[in-house]
Amino acid sequence: MAKTPSRQPLSRHTRKTSDNGKRACETALGRSRSVCVTWERRAILPEEHQGSARIADPSTPRGIFDCDDAYRTPTREDYKRLFASGLVVLDTNVLLNLYRSNERTRNDTFSVLSKLRDRLWIPHQVLSEFWRNRDLPSVRGHHRTKAKETCAALDKAHRSMADALDRWLRDVHLFNDTSAQNALQRGKESMVSVLADLKTFIQTQAERDALKGDSATQSDPVLSELDGLLHGRIGEPFSETALTSAIKEAEKRAEGRIPPGYEDFKNKPTEQAAGDYLVWAQLLDEAARRQGDVLLVTGDVKADWWIPGTSHVPARPRTELIIELRNRAAAQLYMITPSRLLTQAKEIYNLRVDERSVSDLATAEREQSRVWSYGQAIEMMLRDQFPQAEVLTLDEQIDKGVTPPIPDIALMQGNCKVGIEVKKYLKPVEAEDIEYLERIIEKQNLQAALVVSHSPLSPGAISYLHRLASESGAKVAWLRLPVDQVKEIAGCEALKISVESLLGA
């Protein structure tokens, strides 16, 4: 593995972010800061590879875009050039989502990738992560698993409605009223019929979208397509020595909040948390070998890859990543989500891509990005409800010298320190999703921990929290706060009561 360029002092162009700007960029796992590390320049970018941000010749006058913080919004011509001569790198989530997508979206994605066949390349780390995750129920069994979960939720809702109706009859003393009983019985029978129809539709759709023959690798249609697309287009693995060195480098970068991948270090084992950096390091090596621009296709929208966009400005790669690739490979970095890839390829190649496929992928990408805004809202509520307390986001804790594992938000009042973990999941929160809390409580010497989640906790997760409270001696609580209740009066009050109970108020 080629050595990462040594880190230099921050240049005079280092971005200064105002308090309001910082707050606007804050996320559930910390703020997305644009601290631009200036790396030693190794090459001047050739004219044909300058792309959206060129390195100026010192002998020529400096222009408005000749700054590390400068950026140009990619144009159709940029993508056309990348599709013709660039290095198109696929992240692990792009491959795994081929199993999660419905049949239409999967076929459209393969249609686009087939057009890009000669430009495709994947780091060996992506291949390793693909095989490690392929057999998970949330991947290869995605459609049947989701159908099962949804049908179980409908059954639970039906039982709750039936119980509510029975309670109403008793509460208003109509339990022995034949007319009332008959009216409710007709309603219950209608619900049974409607729910049965819904479950039949969901299960039928799941069977239609689920892959056939994926139980054996030789008959798995996704593997068959990928084998043809990616044969000869996969990078070499790191040697054992290089891998050990790269993992250490990933840890070092995570401590300094240098992208990519530092977000994963707060709650994942080191070797797993280093995955994003290993992908990036192998990408850097290949780009340096080819000396060409890179288009990274990824559904990972975390702040350690992207500078978040707004309703008027699209998201763009972290400045640090652009600079590092430029100095390592004399190349320009572009990043694009799978939904945008389908859109650009449809226009450039005049492909027949269903707009519903684009919409399906875009919806999934937006849902992932909402995780961060949900956490930001929780943090703002805490600041409003506890003005006398010190509330620190992940970045603010890092700035104070706190080392991982670190809670999403730390609230300190008096002698009590509460760690708050924010979970914006659509599915129930499982025990394995929060089992790192034990390490956080011990490492940060927390007196209390609170899990705030959009979705409910599974029975296993609740049991884990009870056991954690008993064994750690810390107060442990959980609050379900759906997105639509965030910043509502009831939601604010529920959060305040939960934290006050942990503070001993």
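Trainee: In S8, which residue is the bridge partner of Leu296?
Mentor: The model is a predicted one. Strand S5 covers residues 294-297 and pairs with S8 in the parallel sense over four bridges. Within that pairing, the residue of S8 bridged to Leu296 is Met335.

Trainee: Which strands lie at the edges of the open sheet that holds S8?
Mentor: The sheet has four strands with parallel pairing, in the order S4-S3-S5-S8. An edge strand pairs on one side only, and this applies to S4 (120-121) and S8 (333-336). The edge strands are therefore S4 and S8.

Trainee: How many helices and how many strands does the protein chain have?
Mentor: The protein chain has 505 residues, of which 48% count as buried. Its secondary structure comprises 19 helices and 13 strands.

Trainee: What share of the contacts with a separation of 6 or more comes from residues 24 or more positions apart?
Mentor: Here a contact requires heavy atoms within 4.5 Å. For the protein chain, with separations of 6 or more considered, the share from residues 24 or more positions apart is 76%.

Trainee: Is strand S11 mostly covered or uncovered, and how many of its residues are buried?
Mentor: S11 runs over residues 416-423 and is mostly covered. On one side Cys416, Val418, Ile420 and Val422 are buried, and on the other Lys417, Gly419, Glu421 and Lys423 are buried too. The count of buried residues in S11 is eight of eight.

Trainee: Which residue in the turn between S10 and S11 has a positive phi?
Mentor: S10 (residues 409-413) and S11 run antiparallel and are joined by five bridges; one of these pairs Met412 with Lys417. The two strands form a hairpin with two residues between them. The turn residue with a positive phi, about 65°, is Gly414.

Trainee: In S12, which residue is the bridge partner of Val418?
Mentor: S11 pairs with S12 (residues 448-453) in the parallel sense, over six bridges. The S12 partner of Val418 is Ala448.

Trainee: Does Arg257 count as buried or exposed?
Mentor: Arg257 lies in the loop between H9 and H10 and has a positive phi of about 60° although it is not a glycine. The cut-off for burial is under 20% relative accessible area. At 7% relative accessibility, Arg257 therefore counts as buried.

Trainee: Which residues does the cis peptide bond join?
Mentor: Pro260 is in the loop between H9 and H10. The cis bond has an omega of about 0° and joins Pro259 and Pro260.

Trainee: Does Asn445 count as buried or exposed?
Mentor: Asn445 is placed in the loop between H17 (437-444) and S12. Asn445 is not a glycine, yet has a positive phi of about 55°. Exposed requires over 50%, so at 55% relative accessibility Asn445 counts as exposed.

Trainee: Which residues have the most contacts inside the largest nonpolar core?
Mentor: That core has 38 residues. Apart from it lies another core of 31 residues, including Phe238, Val294, Trp306 and Leu325. In the largest core, the residues with the most contacts are Leu90 and Leu295.

Trainee: Leaving aside neighbours within four places in sequence, which residues is Trp168 in contact with?
Mentor: Trp168 is in helix H6 (residues 142-171). At 42% relative accessibility, Trp168 counts as partly exposed. With neighbours within four places left aside, its contacts are Leu174 and Leu184.

Technical notes. Residues numbered from 1 in each chain as written. Predicted model: local features only at pLDDT ≥ 70, side-chain atom pairs only at ≥ 80, totals over all residues. Heavy atoms only, no water. Buried < 20%, exposed > 50% of the residue type's maximum accessible area, 1.4 Å probe, protein only. Pairing = 2+ DSSP bridges. Core = buried A, V, L, I, M, F, W, Y, C linked by side-chain atoms within 4.5 Å.
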